[in-house]
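Work through the exercises below with the sequence and the structure side by side. Try each task before reading the solution that follows it.

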Amino acid sequence: MMTARNVRAASQTSIATEHASKYLQQLCKHFAHKRPVTFDERNGQISLMTGECNLRAEDASLLVRVEAEEASQLPQLEDVVVRHLVRFAFREELNVEWTQG
């Protein structure tokens, strides 16, 4: 939930994986050392320096939405999230295609 910031830009992706809940939890635990994070087995939220990352684990996919004040900040948010997910999912190749809006 965005509170202190106005959301003016967002992008999302649906990543096909049988390990969505595992990756969601790994990503949230990783960032929890430095950033405000809330998560459970199905939902997660990470407050990053330039925006928010919301995650939802479905049975066969991980839904990821990043939100920022400026559209120019989205590529950095997308990159940070994907780089970490790829590291955790080294046993499989993740197909990530972001859509704006």
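Two strands count as paired if DSSP finds at least two bridges between them. The model used here is a predicted one.

**Exercise 1. Decide whether Glu52 is buried or exposed, and find which side chains it contacts.**

Solution. First locate Glu52, which is found in strand S4, made of residues 51-57. The cut-off for a buried residue is under 20% relative accessible area, and because Glu52 has 7% relative accessibility, it counts as buried. Then look at the polar contacts of Glu52: its side chain makes one with the side chain of Gln45, at 2.8 Å, and another, of 3.0 Å, joins the side chains of Glu52 and Ser47.

**Exercise 2. Work out the order of the strands in the sheet, and which strands stand at its edges.**

Solution. Start from S5, residues 61-68, which is mostly covered, with six of its eight residues buried. On one side, S4 and S5 run antiparallel and are joined by seven bridges, forming a hairpin with three residues between them, and Ala57 stands opposite Leu62 in S5. Strand S1, residues 9-16, also runs antiparallel to S5 and is joined to it by eight bridges, with Ile15 opposite Leu62. Taking the strands together gives an open sheet of six, in the order S2-S3-S4-S5-S1-S6, with antiparallel pairing. Strands S2 (37-39) and S6 (99-100) stand at the edges with a single partner strand each, so one side of each is left without a neighbour in the sheet. The partner of S6 is S1, and these two pair in the antiparallel sense over two bridges, with Gln12 opposite Thr99 in S6.

**Exercise 3. Describe how helix H2 packs on the sheet and how it meets helix H1.**

Solution. Helix H2, residues 74-88, packs on the sheet and touches S1, S3, S4, S5 and S6, while its direction makes about 150° with that of S5. As a check on the helix itself, the 15 residues of H2 should span 21 Å at 1.5 Å a residue, which agrees with end C-alpha atoms that are 21 Å apart. Its buried residues include Leu74, Leu77, Glu78 and Val82, and what covers the buried residues of H2 includes helix H1 (20-32) as well as S1, S3, S4, S5 and S6.

Turning to the two helices, the axes of H1 and H2 come within 10 Å and cross at roughly 115°, and H1 passes H2 in a right-handed crossing. The contact is made by Tyr23, Gln26, Leu27, His30 and Phe31 of H1, together with Val80, Val81, His84, Leu85 and Phe88 of H2.

Conventions: Residues numbered from 1 in each chain as written. Predicted model: local features only at pLDDT ≥ 70, side-chain atom pairs only at ≥ 80, totals over all residues. Heavy atoms only, no water. Helix = DSSP H or I, 4+ residues; strand = E, 2+ residues; numbered from the N terminus. Buried < 20%, exposed > 50% of the residue type's maximum accessible area, 1.4 Å probe, protein only. Polar contact = N/O pair within 3.5 Å; in protein donor to acceptor, adjacent residues only side chain to side chain. Contact = heavy atoms within 4.5 Å. Axes fitted to C-alpha atoms, helices over the stretch in contact; angles between N-to-C directions. Expected span 1.5 Å × (residues − 1). Left-handed = near helix turned anticlockwise from the far one by under 90°.
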